[in-house]
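Please keep the sequence and the coordinates in view while reading.

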Amino acid sequence: MKKLLSVLMLLFPIVSLVSCSDDVESAAPQTNTQITLTFDNVAVINGKIYATQDYAMEIASVTFKSPDNSTRSISDVEYRVDGRTASHSDYAPYTGRIDTRDLSTGTHPLGIYIDLNQSNNSTLPDNMQYNFIVVPSTDDLPDGAELGTFTQTVRVEPA
């Protein structure tokens, strides 16, 4: 009987370690989310995003849809142009403003960094990268292009 008790006492820490391991794995971020971005003061021609130095490029909103309810909310969004923070928002609709007057004409990378709060209380960072072209004025946009609103939905797949 003492041997059986000794074996059980040795197994208890091993079982508890295994169960801790399962807890850690279940905390891994899982998502099935669609993120929709709405830009203002841009023109999109042949898949290229144009902005002018006359009007600031705006991100009017960032929204999400989580069909499997794995994502509860967005906690914050940061916008970086040329690797530097250009705007940051902690509250819906997560707007951002890119002051194009300060940018040289030509192509610039725009990084959008989003923190998604998961149903398991973890945070899943996600980011999207866009290139946009800055031109001096609306007269310099490609033929037929006009500034307006552009909306795009992207899907974040489970890890």
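**From fold to core**

In this predicted model, the protein chain contains one helix and nine strands. Along the sequence these elements are arranged as α-β-β-β-β-β-β-β-β-β. Of the 159 residues in the protein chain, 36% are buried. The accessible surface of the protein chain amounts to about 9,500 Å², and carbon and sulfur atoms account for 53% of that area. As for contacts between residues at least 6 apart in sequence, 68% of them join residues at least 24 apart.

The largest nonpolar core comprises 27 residues, and Phe39, Val62, Leu110 and Phe132 have the most contacts inside it. Two or more residues of this core are supplied by each of the elements β1 (33-45), β2 (48-52), β3 (57-65), β4 (71-81), β7 (106-118), β8 (123-135) and β9 (148-156). The largest share, five residues, is contributed by β8.

Which residues does Phe132 touch, not counting residues up to four places away in sequence? Among them are Ile49, Ala51, Met57 and Val81. Leu110, like Phe132, is listed with the residues that have the most contacts inside the largest core.

Note on methods: Residues are numbered from 1 along each chain as its sequence is written. This is a predicted model: local features need pLDDT of at least 70, side-chain atom pairs count only at pLDDT 80 or more; totals for chains, interfaces and linings use all residues. Side-chain values use heavy atoms; hydrogens and water are left out. A nonpolar core is a set of buried Ala, Val, Leu, Ile, Met, Phe, Trp, Tyr and Cys residues joined through side-chain atoms within 4.5 Å. Buried means under 20% relative accessible area, exposed over 50%, partly exposed in between (1.4 Å probe, protein chains only). Helices (H or I, at least four residues) and strands (E, at least two) are DSSP runs, numbered from the N terminus. Contact means heavy atoms within 4.5 Å. Accessible areas come from the Shrake-Rupley method with a 1.4 Å probe; for residues, only the protein chains shown count as cover.
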